[in-house]
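Welcome to this guided tour. Have your viewer open and your selection tool ready, and we will go from stop to stop together.

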Amino acid sequence: MKRFITTNYGYLFVVILSCLVTISTLIFQSIRLDEAQSLWVATKSVPEIFHLDAQDVLVPFYEVLLHFWIQLFGTTIAAARILSFLFFVVTLPFLYQLGKEAGNRKIAIVTITLFSLSPFIMWYSSEAHMYTLFALVTTVNHLFFLRFVRSHGRTGKFGYFVTTILGLYTHYFFILLLITQFAFLLLSLLTNNDFEMGVQNELKTQTNRSFHLLCTWIAILIFVGVCFLPWVIYFIESGAAANTQPLIPPPTSSSLFQAFSNFLLGFQSSTLQSFFISLWPVLALSLFLVFTRNTKQEVEYSTYFALATFLPIILVFLGSRIRPIFLTRYLILVTPTLFFLIAWLLAGYQNRIARLGLALLFCCMFALLVYQNIASTTPVKENYEAVANYLAEHATGSDIIAVSAPFTIYPIEYAYSGNTKIVTIPYWNRLQQGAIPKYSHANFIQQMKSYQTQYIHLFVVLSYDQGYEDDIKKYLDTHYKRITLKDFSPGLEVREYQLRYGIITGLRYL
Amino acid sequence: MNTQHFFIHARKPMKMLLLANCVMTFIYYLWWFDPTHVGNMILYGLLFFGETYHVAMSYLFWFTIWPIKRKVKLHPASFSYYPTVDIFITVASEPLDIIAETARAARAQTYAKKRVYLLNDGYVAKRKDWMAVEALARQLGISCITRKIPGGAKAGNINNALRLTNGEIVVIFDADMVALPHFLSRMIPYFSNSKIAFVQSPQYYKNHQDNAITNASWEQQELFYGPIMRGKDAYNSAFICGTNVAIRRSALLQVGGMVEDNITEDFLTSIRIHQKGFLSLYIPEVLAAGLAPEDVLSYYKQQYRWARGSLEVLFGQNPFFKKGLSLSQKLQYLGSALYYVNGLVVFIDLLMPLLYLFFGVKPVTSSTVNFALYFLPFMFLNLLTLYLSSDQSITFRALAFSQSSFTLQLSALFAVITKRKQGFSVTAKRALQGDFRYLAYPHILYTLCAVSAVCVAVYREGLNPSVMTNIAWAFFNIFMFYPFIKAAFKKTASVSPSQEKWEFRRVVGLSGV
């Protein structure tokens with residue numbers, strides 16, 4: 001350990017620096033939608049957590065863990081975020097081990113440094129949601145899967161079995177990893193039976209081994225399926241999360257580049273992001289460098305790493321043609337292998353230019369990590385805390401606050417300390433009605449009319465457009481007097497409308 | 001089951017990779033047929049031409065390396081077959097010590113029924129010391145044929161010797177090609193099959209580690225003598241490479257000897273031999289080693305000669321329209337001849353970012369990211385295939401030198417189109433002393449133009465995505481030129497004999513034999 005620290009102090013310093021930035025973020029930044037939702041769910045009993053998650057597009061492992069965590073450390077957002085940060089920290093030794101077992105120590109160290117410097121990873125390390133847990137389970141699963149393959153099914157079975165179940169209970173997208181692993185095993189089997197002369201006997205054995213491996217893997221998956229089936233049944237019986245999925249726009253060609261730009265450089269303003277993406281010919285040049293390396297760093301199962309990185313993205317991209325599901329954060333499962341691949345490719349170069357390139361990449365990633373956390377233009381920033389403070393200052397008991405999309409009520413509720421009534425558009429009673437009702441313009445008008453007689457001002461908090469935000473704005477702007485309009489962070493605004501003139505308000509206008 | 005295991009020894013994974021390439025390239029090529037992408041018509045047309053060339057060359061390369069078993073079956077070589085062999089060492093202006101080493105190696109062949117000849121072209125080349133070669137031959141106890149009537153360059157020299165000798169098999173070595181003692185024992189038994197016209201072995205450079213030029217030359221050769229020649233061999237399309245080759249005299253005489261009206265006499269002679277229905281064989285095993293060009297000028301001249309010869313064949317005697325060749329043979333020869341059109345395509349690609357940065361002219365209207373979505377997978381699969389098929393030996397320097405050779409390729413193309421006369425010049429066997437920086441002036445000029453263009457574009461438009469993408473392309477091109485510029489500016493060091501060691505880095509696995 002001592003030797004490891006003394007020989008890699010540079011890398012360790014970088015990792016620690018990155019962690020410090022993240023810790024400051026998790027302490028000082030406003031609560032975000034997903035966090036508020038997770039915290040709200042985690043405060044319920046375990047059966048209720050199951051019930052609420054089944055009505056949403058969630059699986060319950062993270063919320064159950066968070067439930068017990070907040071029993072011990074309290075319900076503050078910082079305490080909840082520390083759990084995610086811990087998942088990130090625990091991922092590092094596993095990722096190191098994966099890098100070392102599949103490649104070598106150098107690759108492993110560069111991998112964990114890249115992983116730690118990624119503004120994307122660090123963003124989710126400071127978010128009280130399941131993403132870093134998802135990355136952790138994925139990494140451990142990769143490790144056991146490779147041990148399982150390398151030993152021809154003799155070792156790693158139990159670890160693989162357990163992490164697969166945990167993975168499925170962490171995020172539905174874990175299925176993509178299983179598809180990748182199936183593709184890899186199938187490819188191994190298919191490509192083993194047509195080799196050149198001279199190695200036929202060896203390969204006959206290998207074909208048998210590949211077949212045996214695939215069968216063992218399928219057997220494990222059957223057991224995994226048995227363990228996951230109760231949840232599937234429960235999920236279907238609970239309504240299969242009808243209407244609760246956030247509206248995701250269909251991906252375009254730039255979404256793919258954005259995804260990789262996010263993984264490496266984090267969530268930057270659209271100007272900065274376009275700047276980086278437009279430099280794509282440099283990527284073409286790097287392909288030349290990658291495939292013409294003088295120094296070869298042998299990596300076992302590089303095909304697997306490439307598949308695990310690109311296949312899930314391709315599948316989600318193609319799947320989004322049917323139903324849009326392309327969100328970069330859902331694809332966090334590809335990051336361990338992506339960073340491993342980058343580390344492998346960079347570690348192949350020994351000369352000064354390579355070292356300079358690596359140092360430049362580290363500096364660039366770190367600078368963007370800091371910038372992402374402090375810039376107000378960061379697109380994933382959700383300043384619900386500032387909204388809550390604004391509402392506490394301006395809204396009174398005779399006013400009403402309406403939030404849309406409905407699920408954004410969680411962070412407002414968490415941060416808001418005033419006594420004004422909060423409702424959602426469309427109207428949603430989380431505990432009685434279950435899933436979010438579908439938006440209907442007629443119901444919305446009726447809802448607004450009912451408030452007209454009871455309240456003086458309407459504060460509308462708009463974020464996470466679900467396709468009807470414009471409709472709401474248009475109706476309110478044409479039927480009520482708009483008093484203020486205030487932006488808080490990208491895509492988050494508050495509008496205040498005059499519903500009727502009360503005594504005090506009337507006096508104000510006299 | 002690592003990548004190497006997967007793709008080098010396995011036929012099916014390689015086929016799958018090549019099929020993926022074919023599909024991806026087709027999808028990429030379709031992008032160019034979308035009329036909504038057309039910006040400036042002329043520039044679009046030029047780019048379309050360039051991409052068509054790239055796509056065609058890619059398909060031809062995959063066709064070459066498609067893992068097939070030899071289509072034309074060969075009888076097993078008979079070791080009891082024992083024909084007479086004439087070894088021709090072609091000499092023009094090479095240093096005597098180099099010739100002597102080659103001659104000694106030829107004399108030391110373990111194969112008994114052989115005669116060694118120095119084919120002395122010094123007299124027709126008007127060298128004052130031409131008689132020194134005859135003296136050397138006498139000293140070594142071998143024959144010397146000094147040509148007195150000029151014409152036909154190296155081919156003329158060989159044809160002259162053909163008239164004066166009578167061995168059943170003719171083996172040709174350049175003056176610097178030192179053969180291993182078992183060269184003949186390894187090559188000759190294949191001639192027991194009467195359909196075999198020639199057997200070619202690789203042209204290895206023993207000085208490849210001396211400097212960047214020798215390195216780049218060998219690295220380019222490695223790709224050619226590796227997957228490309230192995231692939232060509234499978235289609236019975238391996239061609240004579242001028243040296244390290246054994247040719248059946250009767251076959252050579254049937255086509256009128258070596259072709260004299262082209263500076264790549266070997267290439268055309270091979271076509272004519274194949275037209276007659278003969279078989280050829282490539283043995284991917286280093287059996288002789290020579291010297292790579294050691295300075296930029298020698299490299300330039302050698303490449304120019306090959307480019308000029310190939311382009312002459314392409315425009316004057318296009319193999320695709322030759323009778324007697326199978327379709328695969330036509331495609332293989334066409335692919336080899338087309339390679340040197342690359343200079344024109346590189347030139348077009350170089351111009352595009354400059355034109356945009358200087359004048360804001362766009363060849364395409366689509367967003368660059370949309371184009372990248374098609375281009376990058378195409379590029380990725382292409383490079384991956386090149387990497388794996390070359391047994392991971394392809395280097396950036398080799399690709400960079402190929403890219404930087406656009407000047408000589410353009411020059412050769414211009415010479416062919418204008419039918420300018422060109423003599424045969426032998427590649428120097430020792431580093432030439434002098435200042436060859438001028439050969440990199442076009443590349444430096446491009447760099448300077450690119451820097452100016454960036455300033456103009458940034459002043460005009462700021463750092464918008466289109467400007468950034470074109471800056472990145474200009475940077476891409478400059479980065480590719482860097483190894484060549486660096487080599488041109490480096491003083492060539494003379495090579496000490498201790499450095500001239502035989503390092504047979506690899507013996508490429510026999511395939512299709």
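Begin by selecting A:Leu368, which lies in helix H18 of chain A; helices (H or I, at least four residues) and strands (E, at least two) are DSSP runs, numbered from the N terminus. Before going further, note that this is a predicted model, in which local features need pLDDT of at least 70, side-chain atom pairs count only at pLDDT 80 or more, and totals for chains, interfaces and linings use all residues. Residues are numbered from 1 along each chain as its sequence is written, while chains are lettered from A and ligands numbered from 1 in the order in which they are written.

Is A:Leu368 buried or exposed? A:Leu368 is buried, because 22 other C-beta atoms lie within 10 Å. (A residue is buried if 20 or more other C-beta atoms lie within 10 Å of its own, exposed if 12 or fewer, and partly exposed in between, with C-beta atoms placed from the backbone.) Setting aside neighbours within four places in sequence, show A:Pro119, A:Leu265, A:Gly266 and A:Gln268, which are in contact with A:Leu368; contact means that the C-beta atoms, placed from the backbone, lie within 7 Å. Then pick A:Lys486, 118 residues apart from A:Leu368 along the chain, and you will find 28 Å between the two C-alpha atoms.

Next, select helix H2 (residues 9–28) together with helix H18 (residues 352–374), both of chain A. Their axes come within 10 Å and cross at roughly 10°; axes are lines fitted to C-alpha atoms, for helices over the stretch in contact, and angles run from 0 to 180 degrees between N-to-C directions. H2(A) and H18(A) are therefore roughly parallel to each other. (Angles under 35 degrees count as roughly parallel, over 145 as roughly antiparallel, 65 to 115 as roughly perpendicular and the rest as oblique.) Show the side chains of A:Val14, A:Leu17, A:Ser18, A:Val21 and A:Thr25 on H2(A), which make the contact with A:Phe362, A:Phe366, A:Leu369, A:Val370 and A:Asn373 on H18(A). By class, this contact has seven nonpolar, three polar and no charged residues; Ala, Val, Leu, Ile, Met, Phe, Trp, Tyr, Cys and Pro count as nonpolar, Asp, Glu, Lys and Arg as charged, and the others, Gly among them, as polar.

Now move to helix H5 (residues 61–73) and helix H6 (residues 77–102) of chain A, whose axes come within 10 Å and cross at roughly 130°. H5(A) and H6(A) are therefore oblique to each other. Here A:Leu65, A:Leu66, A:Trp69, A:Ile70 and A:Phe73 of H5(A) meet A:Ala79, A:Ala80 and A:Leu83 of H6(A). The classes in this contact are eight nonpolar, no polar and no charged residues.

Zoom out to chain A, which has 23 helices and five strands. Of its 510 residues, 44% count as buried. Colour domain 1 (2–196 + 207–374) and domain 2 (384–509) of chain A, bounds that come from an automatic or database domain assignment. The centres of these two domains, taken over C-alpha atoms, are separated by 37 Å.

For the last stop, switch to chain B and select helix H10 (residues 265–275). Ten of its eleven residues are buried, so H10(B) is largely enclosed by the rest of the structure. Among the buried residues are B:Phe267, B:Leu268 and B:Ile271. What covers them includes helix H6 (153–164), strand S6 (196–200) and helix H12 (327–338) of chain B. After H10(B) comes B:Gly277, whose phi is positive, near 90°.

Technical notes
Two residues are in contact if their C-beta atoms, placed from the backbone, lie within 7 Å.
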